[in-house]
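Please have the model open beside the text.

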Amino acid sequence: MNPYGMHSIHGRAPAIATGLAASRRDLSVWVVTGDGDALSIGGNHLIHALRRNVNLKILLFNNRIYGLTKGQYSPTSEVGKITKSTPMGSLDAPFNPVSLALGAEASFVARTVDSDRKHLTDVLRQAAAHPGTALVEIYQNCNIFNDGAFEALKDRQSAQDAVIRLEHGQPIRFGTDGARGVVRDRQTGDLRVVTVTPQNETDVLVHDAHAASPTTAFALSRLADPDTLHHTPIGVLRSVERPVYDTLMADQLDTAVEQHGKGDLAALLAGGDTWTVVG
Ligand SMILES: Cc1ncc(C[n+]2csc(CCOP(=O)(O)OP(=O)(O)O)c2C)c(N)n1
Ligand SMILES: [Mg+2]
């Protein structure tokens, strides 16, 4: 077989992909994961891949449910979600994957929607071109176990209030004829949505995906109303350059070989601290 993909153990794809990306720097390594896979069993691996900035592209298909195992609640399911495993409603507060990734020092974080092929393609191209870890959250419908979870973003009418398309260097405006905009509240420093007028037009934030500070990207990641999904930013929230783990590791290996020559594994194992176990 000569496949371009491989299955790994549930939750451990970022760990396996880290090894692959670090040892085969000629490959473009992509992790395809779900909300359960990436954020439950694999939550630990995900955050460490992000902070290391391994050269990986992670596609997080978020359908807010465990689909494959037939409909248990996931770490992105809303509070009170009634599922087979939560017959009285789930008690857990959900993760916001974009906020989580930003908190884990991710250098590229984006969000897109499964049914918007043009937007999805554009975001994936940008992720592919990014050196380091790129996390792309893809809102995905599960038509069997969580149908309509993102309908507010897809229905042409409701999308006017729901979807904010971020474009680097452009004012953050949305709705019919860009009637609404995102401004920073002078009192709280937080972001909020206003109807744009000639008086407040210059206050509308200009999206800067390359801002060194992740503060505004974090605020944007939390702008959406969790119930109605109104004011959901999509697009690239953050894209900054940061040293890439695989490159740093390769440089260290080169330096070690220069200084000490190629290593001898048997000598290494027998050298330094060894113990004789007397039985
Ligand atoms: C080690 C291990 N534990 C549990 C499972 C069972 N399992 C398979 S898929 C899954 C969750 C899938 O949810 P998600 O990642 O959101 O993917 P979806 O099916 O929704 O696309 C679980 C718990 C497994 N396959 N392996
Ligand atoms: Mg899922």
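Ser 99 counts as buried, because its relative accessibility is 6%; buried here means under 20% relative accessible area, exposed means over 50%, and partly exposed lies in between (1.4 Å probe, protein chains only). Ser 99 sits in helix 4, where helices (H or I, at least four residues) and strands (E, at least two) are DSSP runs numbered from the N terminus. Leaving out residues up to four places away in sequence, Ser 99 touches Phe 218, Ser 221 and Arg 222, a contact being heavy atoms within 4.5 Å.

This is a predicted model, in which local features need pLDDT of at least 70 and side-chain atom pairs count only at pLDDT 80 or more, while totals for chains, interfaces and linings use all residues. Residues are numbered from 1 along each chain as its sequence is written, chains are lettered from A and ligands numbered from 1 in the order in which they are written, and side-chain values use heavy atoms, with hydrogens and water left out.

Now to the metal. The magnesium ion (ligand 2) has Asp 35 (OD), Asn 63 (OD1) and Ile 65 (O) as its protein donors, at 2.1 to 2.2 Å. Donors are N, O and S atoms within 2.8 Å of the metal (3.2 Å for Na, K and Ca); water is not among the atoms, so sites may look incomplete. Asp 35 in helix 2 (residues 35-41) and Asn 63 in the loop between strand 2 and helix 4 (97-103) link distant parts of the chain, 28 residues apart. Asp 35 is buried, at 2% relative accessibility, and Asn 63 is buried too, at 10%.

Both residues also belong to the surroundings of ligand 1, which include Asp 35, Asn 63, Ile 65, Tyr 66 and Leu 68; near means that a heavy atom of the residue lies within 4 Å.

| Residue | Polar atom of the residue | Distance to an oxygen atom of ligand 1 |
|---|---|---|
| Asp 37 | backbone | 2.7 Å |
| Asn 63 | side chain | 3.0 Å |
| Leu 68 | backbone | 2.7 Å |

Taken alone, ligand 1 exposes 590 Å², of which the protein buries 64% (Shrake-Rupley method, 1.4 Å probe).

Finally, helix 1 (residues 13-23) has Ala 13, Pro 14, Ala 17, Thr 18, Ala 21 and Ala 22 buried. These residues lie on the same side of helix 1 because they cover an arc of only 150 degrees around the axis, taken from the directions from the helix axis to the C-beta atoms. Their cover includes strand 1 (29-34), helix 3 (43-52), strand 2 (56-62) and helix 9 (245-260).

Conventions
A polar contact is a pair of N or O atoms within 3.5 Å; within protein, one must be able to donate a hydrogen and the other to accept it, and residues adjacent in sequence count only if both atoms are side-chain atoms.
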